[in-house]
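Hi,

Here is the structure I said I would pass on.

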Amino acid sequence: MAKISTQSRKDLFTHIGIIVSLLLVLFLGFFFVYLPFTTNHGEAITVPDLKKKNVEDLEEFLGDRDLRYEVDCTFVTNVPALTIISQYPLPGSKVKEGRKIYVTVVSRTAPLIKMPKLTDMTHKSAQMLLRSVGLEEGNISYVPDMAQNAVLKQMYDGKEILPGQAIPKGSKIDLELGEGLGTAQFEAPSVLGMPLDEAKIAIIGAGLKIGQQMEIPAEEGQAPGSVVRQNPDAGNNVRIGDVIDLWVTPQAVEPVENESVQPEQ
């Protein structure tokens with residue numbers, strides 16, 4: 001076995017330098033040759049663009065690229081269910097193989113929310129409130145009313161919906177708005193002497209509204225349940241949406257048949 005001569009100080013420093021050099025070569029070789037070779041250090045994968053893809057296709061799509069994924073769900077109107085709408089890391093990013101990609105997809109079912117109160121709001125305010133809670137404006141209709149462009153009714157699926165009722169997010173809400181009173185004037189129709197039901201039909205058919213209905217005692221010659229006074233009076237000028245108050249006589253009381261009492265035997 002060869003012996004290392006350390007008879008002089010120079011030989012000792014030479015040998016120490018050789019040992020340090022060998023250790024340095026081993027250290028650098030481990031970190032810059034061995035580790036990159038075993039861990040693929042420096043080899044990066046470009047993150048693909050996953051937006052608008054269906055989440056059901058991700059397993060194979062990312063698996064072929066040595067990537068994984070994790071899903072978070074949300075609901076978005078007018079976007080097909082299970083569609084990817086966002087991702088992290090962003091497309092084009094460089095990542096290691098096996099990196100997890102976080103994606104947000106559109107859920108299959110819409111969550112339920114509480115219907116807000118839109119009545120008595122202006123049309124513009126109602127539109128803003130609908131958008132803020134995740135609902136959409138549906139059909140708009142107008143009816144004669146002095147509250148121009150105010151919401152008079154809120155309807156869902158053809159039926160009036162009350163505030164606080166549960167409704168799927170993204171639903172369309174139909175609104176009935178006040179048209180305002182027209183400028184054209186015409187003579188109020190006469191409903192005197194009509195039964196109350198017929199009088200209501202005549203008033204509504206003329207584009208007017210039923211106001212207060214007051215019952216007063218019938219005078220001689222006045223039929224029970226008939227209109228004996230109206231305000232405005234017949235012939236006075238009115239406009240579309242104006243209100244007609246009615247005074248009506250009491251309905252006739254139907255006679256009650258007495259049951260025959262059998263005498264005790």
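**Salt bridges, a sheet and a patch**

There are three salt bridges in this structure, which is a predicted model. One of them pairs arginine 108 with glutamate 56, with 3.4 Å between the closest N and O atoms. Arginine 108 sits in the loop between strands E5 and E6, and glutamate 56 in the loop between strand E1 and helix H2, so this contact ties together parts that are 52 residues apart in sequence. Both arginine 108 and glutamate 56 are exposed.

Glutamate 70 and lysine 100 make another salt bridge, at 3.2 Å from N to O. Here strand E2 supplies glutamate 70 and strand E5 supplies lysine 100, so the linked parts are 30 residues apart in sequence. Glutamate 70 is partly exposed at 36% relative accessible area, and lysine 100 is also partly exposed, at 23%.

Then there is lysine 117 with aspartate 120, where the closest N and O atoms are 3.6 Å apart. Lysine 117 is partly exposed (44%), while aspartate 120 counts as exposed (67%).

On to the sheet: three strands make an open, mixed sheet in the order E13-E16-E14. E13 (209-215) and E14 (227-231) are the edge strands. E13 and E16 run parallel and are joined by five bridges; glutamate 215 has valine 248 in E16 as its bridge partner. Helix H4 (residues 196-205) packs on this sheet and touches E13, E14 and E16, its direction making about 155° with that of E13.

Last, Ile19, Leu23 and Leu26 make a nonpolar surface patch of about 330 Å². Leucine 26 belongs to helix H1 (residues 9-39) and is exposed at 58% relative accessible area.

Cheers

Definitions and conventions:
Residues are numbered from 1 along each chain as its sequence is written. This is a predicted model: local features need pLDDT of at least 70, side-chain atom pairs count only at pLDDT 80 or more; totals for chains, interfaces and linings use all residues. Side-chain values use heavy atoms; hydrogens and water are left out. Two strands pair if DSSP finds at least two bridges between them. Helices (H or I, at least four residues) and strands (E, at least two) are DSSP runs, numbered from the N terminus. Contact means heavy atoms within 4.5 Å. Axes are lines fitted to C-alpha atoms, for helices over the stretch in contact, and angles run from 0 to 180 degrees between N-to-C directions. Patches are made of residues with over 30% relative accessible area and no salt bridge: like charges are joined within 9 Å, nonpolar side chains (Val, Leu, Ile, Met, Phe, Trp, Tyr) within 5 Å. Accessible areas come from the Shrake-Rupley method with a 1.4 Å probe; for residues, only the protein chains shown count as cover. A salt bridge is a side-chain nitrogen of Lys or Arg within 4 Å of a carboxyl oxygen of Asp or Glu. Buried means under 20% relative accessible area, exposed over 50%, partly exposed in between (1.4 Å probe, protein chains only).
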